[in-house]
Amino acid sequence: MEIIKELIIGLFYIIVFPGLLFLVIYGGLSEWLDRKFYAQMQNRQGPPWYQPFADIIKLMSKQVIIPKAADKKMFKILPFIAIAAINTSIFMIPIFSNSALYGFRGDIIAVIYLLSIPTATLFLIGWSSTSPYATIGSMRVLTQLFAYEVPLLIAVLGPCILAGSWSIEDVAVFFTNNPWLMLVNIIGFLVAIVALQGKLERVPFDIPHAETEIVGGVFTEYSGRLYGFMRLALDMEMVVVAALINAVFLGGSFGYSGWIGLLLFVIKTEFVVFLLSVLKAAMARVKINQMVDFCWKWLAPFAILQILICIVARFMING
Amino acid sequence: MIKNLKEKAVTWSRIKSPWVLHYNSGSCNGCDIETLDALTPRFDIERFGVLLKGSPRHADVLLVTGAVTKQQAKRLRRVYDQMAAPKFVVAIGACACSGGVMYGCYGVLGGVDKIIPVSAYIPGCPPRPEALIDGVVKLLSTLKK
Ligand code: SF4
């Protein structure tokens, strides 16, 4: 009896909340907000709120074409692997309260690595569809991965050093208790936002699927349901990284839970989405070499500077 | 009942989210400029859920401009075959509808409907962006029936 009960609760976590269903709905709404902000900044009206859901339903009902030259098994399985990795990582991030479902010490590293699995699947997607555009796209995905991943990881480590813990929960609790110390991390926060733009492949760094150069990038050969799942995975990833930024840099839910926690979560994650879309609207695409240059010459040194500041601050707190 | 509901949802989503692909099969470029015009923020067709897609695999509506030349016929056919069903074709401009001023030219086969089935014709030389948007919206509203 106990086992069945636990099984049902576990399935609820995975499928409904905070798993698949929550991520899909919240991801869709975030995508809409992102597109709406973007449209408003271009002085237009933008899509209606149901737009991402209409897109997904339409894609799900379309025919799936698998090219003859593609690796069929990989081609079909990869989108689900990406979704599974993102779905797993949400369990370690606190959402409506300051405690995560399955938090453990060192979970921040686990989350960062789980979040790079979707990028790896993007590479494999391009590689297994064997079309020249997709192959070029996947090479760019990898090049970009090595550029933004290091600054992102270093930037996220700053708050951990300050809080003296490797668990996301502890970091959120630490900032809840000392909200002013959030200001110490402002450089790291900005570095993380810019690096996320590369991780989510959005405008200044959307080089892997630059429409004007390489058609659809890694997605060129994807159609119908499989492409829908891939879009869903990217939406879900946006929610998860926004939740991560919220927990690590913005103090989680400030100790509240329930409805106030929910409200704070929505406000702060949408604030992160807003910052991401401001960057998207304000910039044009850069070339891949400029992107790598920028990440290594500017982002990484700033992230390291942030770590130094955090170490100094840590000594000052401890007296 | 559930099947009915599902069908309704699918039709609704198809009407609300037409992704377009633009293809030039031998136009004088007048129609292309108007098509690109329609995609600018001024007309804001993202209101209707229209997005311009680069890859035929993602698109639902193929916008073809210009008369089909003998060189382009094979390519047009291939692009059409690469699209995932259900797919629609809109012929933009007098040339795409029938051959227009290029009709009877030695290198020209004629209108788009000689090569692939066309769902909507938008006449004009070139048609205004408003006409284009109206055409796509009308095409989608026929889906309801
Ligand atoms: S309809 Fe007019 S503008 Fe369009 S391709 Fe033909 S000649 Fe050019």
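This is a predicted model: local features need pLDDT of at least 70, side-chain atom pairs count only at pLDDT 80 or more; totals for chains, interfaces and linings use all residues.

Me: What is the strand order of the open five-stranded sheet in chain B?
Reply: The pairing in this sheet is parallel. Strands β2 (51-52) and β7 (120-122) of chain B each have a single partner strand, so they stand at the edges with one side lacking a neighbour in the sheet. Reading across the sheet in chain B, the order is β2-β1-β3-β5-β7.

Me: Which residue in β3(B) does H22(B) stand opposite?
Reply: Let's start with the strands themselves: β1 (residues 19-24) and β3 (residues 61-65) of chain B pair in the parallel sense, over five bridges. Within β3(B), the residue opposite H22(B) is L63(B).

Me: About how much area do chain B and chain A bury between them?
Reply: The contact draws 27 residues from chain B and 27 residues from chain A. On the chain B side, E46(B), R57(B) and H58(B) supply 27% of the area that this chain buries against chain A, more than any other three residues. Carbon and sulfur atoms carry 54% of the area buried between the two chains, which is about 2,400 Å².

Me: Which element of chain B gives the most residues to the side that touches chain A?
Reply: There are 19 residue pairs in polar contact between the two chains, counting pairs with both residues at pLDDT 80 or more. The chain B side of the contact divides into twelve nonpolar, seven polar and eight charged residues. With six residues, the element that gives the most is helix α1 (residues 2-16) of chain B.

Me: Which residue of chain A forms a salt bridge with D55(A)?
Reply: The whole structure has 17 salt bridges over all chains, and the count between chain B and chain A is six. One salt bridge joins R35(A) and E46(B) through their side chains, at 2.8 Å from N to O. Within chain A, helix α2 (residues 20-41) holds R35(A) and helix α3 (residues 51-60) holds D55(A), so their pair ties together parts that are 20 residues apart in sequence. With closest N and O atoms 3.3 Å apart, the partner of D55(A) is R35(A).

Note on methods
Residues are numbered from 1 along each chain as its sequence is written. Chains are lettered from A and ligands numbered from 1 in the order in which they are written. Side-chain values use heavy atoms; hydrogens and water are left out. Contact means heavy atoms within 4.5 Å. Buried area is the accessible area (1.4 Å probe) that two parts lose on being put together, summed over both. A salt bridge is a side-chain nitrogen of Lys or Arg within 4 Å of a carboxyl oxygen of Asp or Glu. A polar contact is a pair of N or O atoms within 3.5 Å; within protein, one must be able to donate a hydrogen and the other to accept it, and residues adjacent in sequence count only if both atoms are side-chain atoms. Helices (H or I, at least four residues) and strands (E, at least two) are DSSP runs, numbered from the N terminus. Ala, Val, Leu, Ile, Met, Phe, Trp, Tyr, Cys and Pro count as nonpolar, Asp, Glu, Lys and Arg as charged, and the others, Gly among them, as polar. Two strands pair if DSSP finds at least two bridges between them.
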